[in-house]
Amino acid sequence: MGTHRELEDGIQRDFSRAMSYGDYLDLGRILSAQHPRAVPPRHDELLFIVQHQTSELWLKLMLHELVSARDLVREDHLPPALKRLARIKQIQATLTEQWSVLATLTPSEYAEFRAFLATGSGFQSWQYRSVEFLLGNKNAEMLRVFEHDPQVHTDLSALLHERSLYDEVLAWLARQGYAVPAAVLERDWSQPYTPHEEVVDVFADIYADPTRHWGVYELCEELVDVEDNMQFWRFRHLRTVERIIGSTPGTGGSSGVPFLRRALDLTFFPELYTVRSRIQEAQV
């Protein structure tokens with residue numbers, strides 16, 4: 001064992017004409033994008049900024065994978081779609097664990113710079129809203145929050161009027177010969193999804209004989225994993241916010257914790273949960 005390691009002869013040293021690691025990742029721009037606003041400066045504001053910036057980077061990747069998964073299902077390419085969902089679940093786990101870092105911010109530390117956020121709030125994250133739309137939580141009223149940014153408003157409006165991942169899964173099931181009702185396949189995609197008992201029937205048949213329907217069965221469980229992970233993220237968000245600001249309103253004008261708590265009642269894939277009750281009731 002030693003305390004010194006010599007550079008190998010083949011290691012690149014001169015980057016005057018070659019691309020470096022920092023060049024490839026554009027680190028100069030990324031690492032100079034943190035602009036604390038508190039006057040006088042407060043030590044813990046950098047934590048708050050980095051936490052949210054890194055979350056947005058992970059959300060960017062999650063959006064990339066979700067769009068691809070949705071489009072692959074539309075094109076009947078299930079195996080790579082499942083691969084995308086597996087990666088999405090790992091991204092979700094990372095996003096959820098990040099709340100542990102922000103939870104080290106105490107109420108008194110946050111109070112030192114909170115006023116400098118003004119009306120800025122995570123609720124205004126257009127990438128998070130895009131994720132919600134892609135998963136099926138459609139709400140046209142949310143677009144009003146982004147009217148100040150025409151490009152973002154246009155992009156979100158497009159997602160609002162497109163099929164969600166779940167819509168594409170149901171359409172794929174219909175193409176595979178499953179009895180998905182027409183009312184589910186032909187509807188206004190901008191409206192929230194309405195659960196349908198006949199879709200529960202489809203899933204009940206699949207879950208009654210997993211071996212026969214294994215590919216579909218696996219897809220269903222992947223979707224349940226994704227939804228569970230979203231709920232874990234929502235819950236950790238709620239608990240972190242409550243730990244830091246208690247019952248005070250959010251900076252963006254929401255009620256804060258009560259507003260976040262209501263999100264826990266939202267579901268993306270309702271029949272995949274209803275079918276569980278159906279299965280248990282059938283055993284009684």
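**Pockets, cavities and helix contacts**

Author: Happy to! The second largest pocket is lined by Arg 29, Ile 30, Leu 31, Ala 33, Gln 34, Val 50, Gln 53, Thr 54 and Leu 57. Keep in mind that this is a predicted model.

Reader: How many of the pocket's lining residues are nonpolar, polar or charged?

Author: The lining of the second largest pocket has five nonpolar, three polar and one charged residues.

Reader: Nice. Which residues line the largest cavity?

Author: Its lining is made of Leu 59, Met 62, Gln 92, Leu 95, Thr 96, Tyr 128, Val 131, Met 230 and Trp 233. At least two of the lining residues come from each of α3 (45-74), α4 (78-102), α6 (126-135) and α11 (214-245). The largest share, three residues, belongs to α4.

Reader: What about charges there, how many charged residues are in that lining?

Author: The lining of the largest cavity has no charged residues, with seven nonpolar and two polar ones.

Reader: And how does the lining of the second largest cavity divide up by class?

Author: There you get four nonpolar, two polar and three charged residues. The residues that line the second largest cavity are Leu 135, Gly 136, Lys 138, Ser 164, Tyr 166, Asp 167, Arg 187, Tyr 193 and Phe 268.

Reader: Let's switch to helices. At what angle do α8 and α11 cross?

Author: Helix α8 (residues 165-175) and α11 have axes that come within 12 Å and cross at roughly 170 degrees. That makes α8 roughly antiparallel to α11, since angles over 145 degrees count that way.

Reader: Which residues meet where α8 touches α11?

Author: From α8 there are Leu 165, Tyr 166, Val 169, Trp 172 and Leu 173, and they meet Val 216, Leu 219 and Leu 223 in α11. By class, this contact has eight nonpolar, no polar and no charged residues.

Reader: Tyr 166 again! I saw that one lining the second largest cavity. Which residues does α8 use to meet α10?

Author: Good eye! Tyr 166 of α8 takes part there too, along with Leu 170 and Leu 173, and these meet Val 199, Phe 203 and Ile 206 in α10. In class terms, the contact of α8 with α10 has six nonpolar, no polar and no charged residues.

Reader: So are α8 and α10 roughly parallel or roughly perpendicular to each other?

Author: The axes of α8 and helix α10 (residues 197-208) come within 12 Å and cross at roughly 65 degrees. The two helices are therefore roughly perpendicular to each other.

Reader: Last one: is the crossing of α8 with α10 left-handed or right-handed?

Author: α8 passes α10 in a left-handed crossing, and the crossing of α8 with α11 is left-handed too.

Note on methods:
Residues numbered from 1 in each chain as written. Predicted model: local features only at pLDDT ≥ 70, side-chain atom pairs only at ≥ 80, totals over all residues. Heavy atoms only, no water. 1 Å grid on protein atoms, 1.4 Å probe; cavity = no way out; pocket = protein on both sides within 12 Å on 5 of 7 lines; lining within 4 Å. Helix = DSSP H or I, 4+ residues; strand = E, 2+ residues; numbered from the N terminus. Nonpolar A, V, L, I, M, F, W, Y, C, P; charged D, E, K, R; others polar. Axes fitted to C-alpha atoms, helices over the stretch in contact; angles between N-to-C directions. Parallel < 35°, antiparallel > 145°, perpendicular 65-115°, else oblique. Left-handed = near helix turned anticlockwise from the far one by under 90°. Contact = heavy atoms within 4.5 Å.
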